[in-house]
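Open the model in your viewer and keep the sequence panel beside it. The stops below are meant to be selected in order.

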Amino acid sequence: MIQITKNNELEKSMYLHGQATGKPQHMIYSGEKTAWDILSGLDPKDVSKNAEAIFNPHDSSYELTCFGQDIRVSLPDRFIFSRTAPGKFLVNSLGKYSSLSILRYLIHAIELPISGKLVHPSDFSGGDIFMRGTHVLPLDELAAYFTNNSSEFINTGKSLGGFQLGYGDMSLKLFPFPRLSVVIIVWSGNEEFAPKSSLLFDSRRASPLPTDILWSTAMMAVKMMLINSIANR
């Protein structure tokens, strides 16, 4: 759990004014205002239960874990922030993916059991978005980067709160959100075949979320793996 301190308040102020990285951080992305309005009107008890989050009544904020990082969502300030380096990267550098995804997760999440059935993102209604142009996930880049380097792949995933699985040549389960996991599988290349990777969701846990949010979540997972691996070298 994140503890409120004077340093937290100073850091939050720096982000709001763009001083932490030298550029504005409190950007409002398309659809975000509506999401803030909806979330602010929901019963915190319901949101906390459904999203497996914690609501702090003293400052009207939610806490949740994304990729193993503590994330705080302030309703009065309409501000999302983290104190860890990977968390800051997630909410700032990947803000165009994470900001709306975090809000919509809190809005749409439902307490559902895991189905155990893994499905490709394109299998969901509207999932053809994953197959077009700039929406195609950079899975080839991820496969090429980690091919024949399973230890770095696994260590990076563990640093993001994930754990190793037994699929392919290397595989991980990551938790972008408490009730939404992704499985990333990599097959290393050889002289005959190029390396490849796949990203899968649990069919039941992913079903309450809109397809565009699933796409943003998948993009976050791939980019968090790539950037954090580079940062840990």
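The tour goes from the whole chain to one serine, then to a sheet and a core.

**Before selecting anything**

This is a predicted model, in which local features need pLDDT of at least 70 and side-chain atom pairs count only at pLDDT 80 or more, while totals for chains, interfaces and linings use all residues. Residues are numbered from 1 along each chain as its sequence is written, and side-chain values use heavy atoms, with hydrogens and water left out.

**Whole protein**

Colour by secondary structure: the protein has nine helices and nine strands. Helices (H or I, at least four residues) and strands (E, at least two) are DSSP runs, numbered from the N terminus. Of the 233 residues, 49% count as buried, which means under 20% relative accessible area with a 1.4 Å probe, protein chains only. The protein exposes about 11200 Å², and carbon and sulfur atoms supply 52% of that area; the areas come from the Shrake-Rupley method with a 1.4 Å probe.

**Ser61**

Select Ser61, in strand β2 (residues 61-66). Is Ser61 buried or exposed? Ser61 is buried, because its relative accessible area is 1%. Show its side chain next. A polar contact (a pair of N or O atoms within 3.5 Å; within protein, one must be able to donate a hydrogen and the other to accept it, and residues adjacent in sequence count only if both atoms are side-chain atoms) of 2.5 Å joins the side chains of Ser61 and Arg72. Another, of 2.8 Å, joins the side chains of Ser61 and Asp59. Leaving aside residues up to four places away in sequence, Ser61 also touches others, including Ile54, Phe55 and Val73; contact means heavy atoms within 4.5 Å.

**The five-stranded sheet**

Now select the strands of the open sheet, which run in the order β5-β9-β8-β7-β6 with antiparallel pairing. Its edge strands are β5 (118-119) and β6 (163-164), each pairing on one side only. Strands pair if DSSP finds at least two bridges between them. Two bridges join β6 to β7 (residues 170-177); in β7, Lys173 is the bridge partner of Phe163.

**The core**

Finish with the largest nonpolar core, of 59 residues. Such a core is a set of buried Ala, Val, Leu, Ile, Met, Phe, Trp, Tyr and Cys residues joined through side-chain atoms within 4.5 Å. Leu64, Val73, Leu106 and Phe153 have the most contacts inside it. Helix α9 (residues 211-231) gives the most to this core, with eleven residues. Centre on Phe153: among the residues it touches are Leu142, Ile184 and Met225.

Methods. Buried < 20%, exposed > 50% of the residue type's maximum accessible area, 1.4 Å probe, protein only.
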